[in-house]
Structure formats: C-alpha cells, structure tokens
Amino acid sequence: MSVKQRRKYHNIMEDLVAEEVRSQMALLSPRLTQYIQRTEVETYALNRLPTLYASSQEGWLHQQKRAREEHQATIRTAVRQALAAVQRDPLRSSTPLFQDKEEVMAEAGSRTNTPELENTKDIPAHPYYWQQKRSPRYSQKAR
C-alpha cells in the first residue's frame, strides 16, 4: 500500500491480537512454531473478535483502553483457539493474499516460461482477479 493509499483508520484489535500471538507463540517450542504462519493465526483470531476502529489518536487511545478492559480474555481465548486450529494441519499450504514485491520477483525468477510475471505492474492486486486466472474459462481463452 503506498503512502497516498494509506487508510485513515485502524482496527485496534489487529495490534492487540498480534501482541497476543507473539506472546503465546513465545511459549511454544521453536520446532513447532516453524510450521505456524503467524498471519493465519492472527486472521483466525480476528475473525472471531469484534472490530474496534479508530481514526484519531484520541480514538485510538480510547479503543485500546476499551479493548484491554473488555476484551483481553476474549482475545487470549481466540488466539489460543487459532493456534490449535492452525496446528491441526501444519503441512497445509495456503497462498497469501498479498506478497512483498521481492517475493513476487523471486517467484518469477524461479519459474521458466512465465511472461505474465516479468512485469510486476501487471500482477492484479485484488483476489477476484486471481480467481479469474485460475478458472477453466480463463485458461481456455489463454490458449
């Protein structure tokens, strides 16, 4: 996301969940944590928690205080459940919604005969377009 596109609001729960995930993962063995993708744990937990948005520093402080007072136990439980859910299938692979430009370039360099990845500006940013590329209808047109 560029500076011009930066959102002017923020979900406070994202910060608190990330903090709790770090805390709980620190208690796990390094051997286990290498198979856990932090993003999946955070997403799982966030989908089970209320959202608390703020658009000002005052709002951010208020929402953070509210979240810590009213939802800390719920956050802890949601993260614990998320870790358990992600651990059930540690070898399951998933494709991230967003990739760093370096990851895209490395992936493009490791493939051969992939002209569509030569120019990273052509990579659509929205998952809708990824689904279109994977559909059988799209592959028939590309032939």
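This is a predicted model: local features need pLDDT of at least 70, side-chain atom pairs count only at pLDDT 80 or more; totals for chains, interfaces and linings use all residues.

Trainee: Is Asn 11 buried or exposed?

Mentor: The cut-off for buried is under 20% relative accessible area. Asn 11 has a relative accessible area of 6%, so Asn 11 is buried.

Trainee: Which end of α1 does Asn 11 cap?

Mentor: Follow the side chain of Asn 11: one of its polar atoms lies 3.1 Å from the backbone nitrogen of Met 13. Helix α1 covers residues 12-26. With a side-chain oxygen placed like that, Asn 11 caps the N-terminal end.

Trainee: Which other backbone nitrogen does the Asn 11 side chain reach at 3.1 Å?

Mentor: Look at what Asn 11 touches beyond four places in sequence: Thr 51, Leu 52 and Tyr 53. Within that group, the side chain of Asn 11 reaches the backbone nitrogen of Leu 52.

Trainee: What distance separates the end C-alpha atoms of α1?

Mentor: Helix α1 has 15 residues, and at 1.5 Å a residue it should span 21 Å. The expected span uses one less than the number of residues. The model agrees with that, since the end C-alpha atoms are 22 Å apart.

Trainee: Which buried residue of α1 has Arg 76 as its nearest side chain of opposite charge?

Mentor: The buried set in α1 includes Ile 12, Leu 16, Val 21 and Met 25, but also Glu 20. Arg 76 is 4.1 Å away from Glu 20, and a salt bridge needs the atoms within 4 Å, so no salt bridge is counted for this buried residue. Besides Arg 76, Glu 20 is in contact with Gln 72, Ile 75 and Val 79. The residue you asked for is Glu 20.

Trainee: How many salt bridges does the count come to?

Mentor: One joins Arg 68 and Glu 19, with the closest N and O atoms 3.3 Å apart. That pair links distant parts of the chain, Arg 68 in helix α4 and Glu 19 in helix α1, 49 residues apart. Arg 66 and Glu 70 also meet in a salt bridge, at 3.5 Å from N to O. The count comes to 2.

Trainee: Which helix holds both Arg 66 and Glu 70?

Mentor: The two residues are 4 residues apart, about one turn of the helix. Arg 66 counts as partly exposed at 31% relative accessibility. Both Arg 66 and Glu 70 lie in helix α4.

Trainee: What is the relative accessible area of Ala 54?

Mentor: Ala 54 lies in strand β2, residues 53-54. Its contacts beyond four places in sequence include Tyr 9, His 10, Ile 12 and Trp 60. Ala 54 is buried, with a relative accessible area of 9%.

Trainee: Where does Leu 28 sit, and which residues does Leu 28 touch?

Mentor: Leu 28 counts as partly exposed, at 25% relative accessibility. Its place is in the loop between α1 and α2. Setting aside residues up to four places away in sequence, Leu 28 touches Thr 33, Ile 36, Leu 83 and Gln 87.

Trainee: How far apart are the C-alpha atoms of Gln 81 and Arg 48?

Mentor: Gln 81 is placed in helix α4 and is partly exposed, with a relative accessible area of 42%. Along the chain, Gln 81 and Arg 48 are 33 residues apart. Their C-alpha atoms are separated by 9.8 Å.

Trainee: Last one: what share of the residues counts as buried?

Mentor: The protein exposes about 11200 Å², and carbon and sulfur atoms supply 50% of it. Of its 143 residues, the share that counts as buried is 25%.

How values were computed. Residues are numbered from 1 along each chain as its sequence is written. Side-chain values use heavy atoms; hydrogens and water are left out. Buried means under 20% relative accessible area, exposed over 50%, partly exposed in between (1.4 Å probe, protein chains only). Lys and Arg count as positive and Asp and Glu as negative; His and the chain ends are not counted. Contact means heavy atoms within 4.5 Å. A polar contact is a pair of N or O atoms within 3.5 Å; within protein, one must be able to donate a hydrogen and the other to accept it, and residues adjacent in sequence count only if both atoms are side-chain atoms. Accessible areas come from the Shrake-Rupley method with a 1.4 Å probe; for residues, only the protein chains shown count as cover.
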